[in-house]
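Colleague: I am new to this structure and would like to go through it with you. Could we begin with the place where the chains meet?

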Amino acid sequence: MSDRVMPDVTAESIKVIAESVGIGQLPDEAASALAEDATYRLKQITQEAVKFMHHGKRRKLSTADFDNALKLKNVEPLYGFHAEEHIPFRFASGGGRELHFYEEKEVELGDIINAPLPRIPLDVNLKAHWLAIEGVQPSIPENPPPVPKEDQHAADRPPGVTAKPSGKDGTKPAGKPGKAEVKGLPSEVAGVKLKPVLTHELSVEQQLYYREITEACVGSCESRRAEALQSLATDPGLHQMIPRFSTFVCEGVRVNVVQSNLALLIYLMRMVKALMDNTTLHLEKYLHEVIPAVATCILSKQLCQRPDVDNHWALRDFAARLMGNMCRNFSSNINNIQSRMTKTYTKILHDEQSHLATRYGALAGLAEMGHDVVKSLLIPKLKEEGEKVKTLMEGPVHNSVDKTAAEHIRALLLKHCAPVLAKIRPGPDNQEQYKTDFGYLGPLLCAHVVKARQQQQQQQLQATTTTAAAASVVQRPTLQIPQGRASAVLSAMAAPRTPTPQATTPSLLTISRPSTPANPPSTPTTPTPGTPNPQTKYIIVSTTKASTSTTLPSTSTISSSGLASSSSSAASTIVKFVSAAQGSASGGSEPRVLAQLPSGQKYVVVSVPSSGQTTTTSQGKTQAVVVVKSEGQGSQGQGSIVGVTSAAGTLAQLATSSSQDGTKVSSVSQSGATSKPNS
Amino acid sequence: MDQQTLAAVLQFLKNNKLKDAEAALRREAKLPDGSGDSGGSSRVATSGEVSSVLSAYESEGDLARYCEYYSSLSSFIESSLDAHKHELGCLLYPVFIHMYLQLVYNRHEKEAQKFFNRFSVEQEDWHQEDLRTLSTVKTREQMEVNDLMDTFRSSKFVLRMSRDSYQSLRRYLKQNEHRELLSILQDHLFIDVFDGVPRNREQVQATSGAMMGEARRDANKVKVLYGLPKEPDINVPLDDDDEGGDGEDKPKKKKQKKDLLLNKNKKADPNAPPPSRIPLPELKDADKLEKVLSWKEGLKRVPLGRENLPSICFYTLANAYQNVSAVGISEDSSLLAAGFEDSNVRVWSLSPQRLRTMRGASELDQLDKEADDIVERMMDEKTAADSWLLHGHTGPVYSTSFSPDREQLLTSSEDGTVRLWSLHTYSNLVVYKGHNYPVWDVQFSPTGYYFVSAGHDRVARLWGTDQFQPIRMFVGHYSDVTCVQYHPNSNYVATGSSDRTVRLWDVLNGNCVRVMTGHKAAVHTLAWSPDGRYLASAGVDKNVLLWDIAYGRLLAEMKGHTDPVYSLCFSREGSLLASGGIDNTVKVWDVQKVFEEIAGSDDLTSLDRASLVEVGSLLLGSFPTKATPVLKLHFSHRNLLLGCGRYQHN
């Protein structure tokens with residue numbers, strides 16, 4: 001530490017301190033003499049305290065170190081500064097003076113005495129793991145990822161970039177646990193930076209792992225698939241295998257699009273999502289394989305055998321959302337993913353001849369790009385698209401395929417445009433005005449916008465009980481808690497029911513949408529502290545099924561408010577939607593919702609059964625409302641799951657984590673058991 | 001003790017009317033009974049000893065010209081031959097310090113400040129810590145109570161330089177008659193002149209850094225008996241193999257190995273101390289059994305080397321709300337003790353054997369004392385637990401050490417005490433008071449009974465478990481003694497200090513037999529190689545240094561850690577060194593390479609000049625943890641590396 005700052009206690013400070021203890025007129029000489037001595041003592045104490053820090057084997061000097069140093073000098077230690085991680089000094093300036101002070105709050109003793117006892121902290125425990133096995137660090141969660149993300153990036157750089165003697169390479173600390181170093185290879189020979197040879201040979205174990213994972217991901221066993229996807233999403237140290245996985249996905253999509261194998265396409269997209277969720281992986285270099293595959297799943301003319309009945313819309317939605325996430329995470333000035341994708345989408349929309357399904361994909365893709373894109377590209381097109389929908393739905397030629405497509409497009413536009421319109425258009429909403437502005441879609445849009453506004457204004461949340469009978473309701477009132485912005489809107493679109501009974505395809509595909517573009521996809525929400533009503537916290541996951549007549553899919557929203565109302569740590573809510581389709585293309589699907597609430601408080605796993613089995617009643621509904629009500633004091637919110645209703649009778653799994661707080665499942669009710677998935 | 005100090009002590013005793021003590025001292029020192037020369041000794045002022053030493057700073061010279069003198073010296077050094085430059089460069093720091101202190105002492109605060117600000121930047125990086133301490137001393141009054149000041153005024157700063165360099169310095173001093181400079185050199189510096197080639201920059205830097213300069217050449221001349229004594233014959237049957245019925249050829253193989261080991265042990269080491277040099281506790285039957293068992297474990301040892309890196313099993317302490325300040329692992333790797341900053345100590349079992357306490361006295365009385373498994377029977381099965389909490393200290397616990405028989409545990413703490421705990425009853429047996437200041441480290445001798453402690457009072461003490469008073473005091477460090485390590489043959493104790501030296505003490509007479517300089521910041525951990533010849537040390541300066549105790553010279557410097565190193569351990573056969581610190585990594589170093597290198601070269605030629613063995617990078621592997629500082633490393637008998645630390649979230 002070579003900075004030559006020599007802070008001194010000034011005579012003025014001494015005078016102020018003297019005044020505070022009741023010595024009014026301290027002579028200047030005395031003050032300066034005292035100041036000098038105080039400086040000396042303070043420095044001496046600090047130097048002693050550093051010794052205690054070193055012996056405490058810490059990097060941070062603590063208040064206890066000062067106390068110990070004072071004791072060493074036979075001075076009574078300062079009481080009242082214990083147990084603080086750090087002392088929050090505040091800074092104030094005024095009148096040309098700068099002041100750092102420690103804000104001491106008055107504490108009501110009664111409050112402390114009457115406060116409920118804090119939870120007993122967990123006992124210290126000792127846990128063993130293998131840091132290395134014969135000199136090789138195993139890739140287990142206890143160890144750091146074998147190659148940090150930055151290094152993967154560095155290794156992935158094209159040779160031309162690395163060969164340049166850039167300052168960046170020089171600054172890379174030599175102690176980084178790179179592969180080259182572990183083997184003792186000097187990566188720098190005579191000043192020339194050599195790119196370490198990266199072997200892309202997989203070990204036998206990795207090959208086995210690859211086989212297992214890929215088989216499980218596209219196999220028929222749903223539980224194995226879930227495990228495999230979990231492994232892809234969480235395991236560190238998969239970076240060596242990403243090229244294989246991305247090729248697998250790419251090839252898989254190519255083959256299965258030709259064969260119109262919807263289920264497999266869905267599985268592959270879920271693999272992509274799992275890989276994207278893995279925070280230790282650096283996907284950027286493999287986007288050239290992944291993006292075409294995902295784009296295919298959004299835009300392909302035909303994705304399934306029977307376009308009239310199979311729910312390929314959900315796949316398009318899911319893939320579009322994936323693409324949206326990719327754009328947010330990986331788009332840069334160099335690759336311009338976002339603008340290139342947007343261009344692709346708009347080109348399709350401009351092409352009058354494009355297939356309806358492709359159009360739907362393009363619209364969905366644009367809609368997932370974020371509010372700005374919706375505002376600038378989708379809303380101006382509303383009128384045009386509305387006309388198209390109108391001609392298809394009311395036109396002379398009745399084609400069920402086209403009509404379904406039109407319904408989907410309409411639903412999509414309404415769903416995504418309404419919230420944006422509600423934000424950018426000043427109220428009040430006038431049906432006629434909308435009609436002139438947006439044509440055919442105007443009135444419906446107006447209704448949606450009104451609803452969106454209501455949601456935004458609604459301060460108090462009421463948990464609506466959703467029963468099986470409520471399926472007849474045209475539109476379920478969806479709830480959204482305003483919290484700056486809707487930080488997590490998890491939309492699950494149910495398969496719209498057409499008059500003809502459908503063969504089921506995986507109907508629900510959900511993906512979380514990150515609250516901010518910067519967030520990695522796995523941590524979608526960060527509850528903003530200080531919401532208007534921090535006392536009530538609800539999480540509502542509702543998946544409703546639109547009725548036949550309107551085919552309006554309602555959005556299901558998960559909003560969490562004030563879950564971390566007072567904690568500064570802003571525990572992030574991790575809501576993970578894992579949708580799972582099972583069996584073959586005709587098998588029932590069972591999308592599951594997995595929500596992890598802040599700081600590992602609780603997990604909510606909801607299985608939403610698929611709707612509209614061919615064999616089951618036409619009243620098969622897909623409804624699952626989980627109301628998680630958490631009433632928290634501070635950051636230690638106690639959560640309890642108030643009620644779970646699962647309409648179609650399959651299990652609504654509620655896994656509650658056994659973490660510190662007593663999360664309780666107070667009632668799990670299953671209503672109106674009507675159908676079982678028949679796979 | 002020189003005559004002057006002796007006289008001062010005598011005067012002190014006399015003044016305080018301690019006649020017996022005075023007489024005894026005179027007898028010891030073979031001084032004539034001194035009623036006569038009391039007048040002579042009066043020149044050493046007793047109460048005014050401090051002031052007399054301080055008064056050495058009083059100077060009639062023109063203090064204002066110090067800046068000039070210093071720049072003149074500095075430019076002389078700069079312009080001297082490259083060969084001498086680096087050796088002479090060492091002069092600057094002590095001269096700077098003493099000039100500053102003279103200025104302060106003579107109440108030239110302003111000049112002192114100016115002088116300090118102008119030249120302190122030029123000093124080497126590793127001096128900055130001391131300079132910061134010094135910079136707080138701004139008045140004469142403060143000088144008298146500053147520890148570092150004390151050190152500087154009472155001891156001479158040691159410099160070593162070749163005769164050629166010294167001659168050139170003398171020529172300079174003759175030319176420029178700077179009386180003040182000359183007096184500083186005479187009063188406060190000790191220049192150790194040797195014949196030979198002047199050292200180059202690397203060589204000078206390698207050994208500089210200690211608070212009071214380098215070690216004097218004669219400080220490391222005493223022969224150190226670093227060898228290991230012959231293993232005592234143990235007449236415990238060896239053939240009670242548990243897995244005896246495994247096959248025909250297996251026992252045969254073992255036999256051979258056994259013979260090898262036996263031969264090795266039987267060979268008398270010429271450097272080993274005679275077994276009777278230090279009275280050691282006699283081996284009990286249990287100890288013998290222990291030895292055999294550990295030796296048997298050793299047979300299953302995995303040979304380690306640069307091709308075979310160790311497996312590391314890491315123990316993470318989770319949910320520790322208070323910081324963990326010390327971790328100890330028993331020799332046989334079955335127990336782990338952690339000391340916390342909230343003054344608790346917790347003992348865990350690392351083996352499947354859970355921890356039990358002894359039965360009550362009445363129950364014990366009923367036991368058959370002749371039974372073979374009496375120890376087993378004494379234990380109360382009902383009390384088995386995974387860990388035990390030991391309360392007793394009143395400050396952070398800075399060190400823990402298990403006795404070799406695993407029946408006792410020693411802990412040292414900020415409260416100035418060392419405590420001995422029974423691991424049969426999990427209660428405190430003895431409190432050793434004596435340090436009065438924080439005790440930074442404590443360690444049992446490899447044979448048990450003795451232990452050594454070190455603390456803030458700059459003294460390392462040797463104790464016997466059954467005595468309240470220390471048996472030996474090892475005095476000589478200029479600052480806190482931060483760590484101690486018993487030599488494997490129990491005859492020596494190595495200490496590391498925040499004066500940035502490592503010292504070796506003879507247990508027999510309490511003499512300091514080695515002083516090793518080279519660290520640039522406080523030393524916090526030491527480790528002996530299994531053969532007792534090499535010592536590794538590391539600390540706040542992030543470097544691991546390897547020393548050859550036979551000659552007290554620096555062998556290698558291992559750089560790579562990015563934060564202070566707090567733990568070192570040699571593998572059981574001594575071929576690898578593992579280090580860990582609060583940069584959350586375990587690093588493994590190839591020390592075998594160094595040993596091979598020096599085995600080839602002739603030791604005696606390079607004696608005078610500590611030259612680093614040029615072998616390139618010794619780092620074999622670096623194993624980062626997620627967020628756990630490595631506070632303790634330990635190789636098990638089978639060469640499995642155990643690490644321990646507390647997980648630090650966020």
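Predicted model: local features only at pLDDT ≥ 70, side-chain atom pairs only at ≥ 80, totals over all residues.

Colleague: What area is buried between chain B and chain A?

Modeller: The buried area is about 5,100 Å², and carbon and sulfur atoms give 55% of that. On the side of chain B, the residues that lose the most area to chain A are Thr136(B), Pro624(B) and Lys626(B), which together make up 10% of what that side buries.

Colleague: And how many polar contacts and salt bridges are there between the two chains?

Modeller: There are 19 residue pairs in polar contact across the interface of chain B and chain A, with both residues at pLDDT 80 or more. The count of salt bridges between the two chains is five.

Colleague: What does S3(B) pair with in chain A?

Modeller: S3(B) is joined by seven bridges to strand S3 (residues 125–132) of chain A, and the two strands run antiparallel. Within this pairing, Phe314(B) in S3(B) has His129(A) standing opposite.

Colleague: Let us return to the salt bridges. Which residue of chain A does Glu414(B) form a salt bridge with?

Modeller: The partner of Glu414(B) is Lys71(A), and their closest N and O atoms are 3.4 Å apart. This pair crosses between chains: Glu414(B) is in the loop between strand S9 (408–413) and strand S10 (417–422) of chain B, while Lys71(A) is in helix H3 (residues 63–72) of chain A.

Colleague: Is Glu414(B) buried or exposed? And what about Lys71(A)?

Modeller: Glu414(B) has a relative accessible area of 5% and is buried. Lys71(A) counts as partly exposed, at 40% relative accessibility.

Colleague: Which residues are linked in a network of salt bridges?

Modeller: One such network links Glu48(A), Lys51(A) and Asp480(B). Within it, the side chains of Lys51(A) and Glu48(A) meet at 3.9 Å, N to O. Those two residues are three apart in helix H2 (residues 28–55) of chain A, so about one helical turn separates them. Glu48(A) counts as buried because its relative accessibility is 8%.

Colleague: How many salt bridges are there over all chains?

Modeller: The search of the whole structure finds 35.

Colleague: Now to chain B on its own. Which residue does Arg572(B) form a salt bridge with?

Modeller: Arg572(B) forms a salt bridge with Glu331(B), with 2.7 Å between the closest N and O atoms. Arg572(B) is in the loop between S24 and S25 of chain B and Glu331(B) is in the loop between S4 and S5 of chain B, so the pair ties together parts that are 241 residues apart in sequence. Arg572(B) counts as buried at 17% relative accessibility, whereas Glu331(B), at 44%, counts as partly exposed.

Colleague: How are S24(B) and S25(B) arranged?

Modeller: S24(B) and S25(B) form a hairpin with five residues between them, and Gly574(B) in the turn has a positive phi of about 85 degrees. The strands pair in the antiparallel sense over five bridges; Cys569(B), for instance, has Ala578(B) in S25(B) as its bridge partner.

Colleague: Why is S24(B) described as largely enclosed?

Modeller: Six of the six residues of S24(B) (residues 565–570) are buried, so the strand is largely enclosed by the rest of the structure.

Colleague: To finish, what does chain A contain in helices and strands?

Modeller: Chain A has 21 helices and 13 strands. Of its 679 residues, 49% count as buried. Among contacts in chain A between residues at least 6 apart in sequence, 64% join residues at least 24 apart.

Colleague: Where in chain A does Lys388(A) lie, and what does it touch?

Modeller: Lys388(A) lies in helix H18 (residues 382–394) of chain A. Lys388(A) is buried, with a relative accessible area of 18%. Leaving aside residues up to four places away in sequence, Lys388(A) touches Glu352(A) and Arg359(A).

Definitions and conventions. Residues numbered from 1 in each chain as written. Chains lettered and ligands numbered in written order. Heavy atoms only, no water. Buried area = accessible area lost by both parts, 1.4 Å probe. Salt bridge = Lys/Arg side-chain N within 4 Å of Asp/Glu carboxyl O. Polar contact = N/O pair within 3.5 Å; in protein donor to acceptor, adjacent residues only side chain to side chain. Pairing = 2+ DSSP bridges. Helix = DSSP H or I, 4+ residues; strand = E, 2+ residues; numbered from the N terminus. Buried < 20%, exposed > 50% of the residue type's maximum accessible area, 1.4 Å probe, protein only. Contact = heavy atoms within 4.5 Å.
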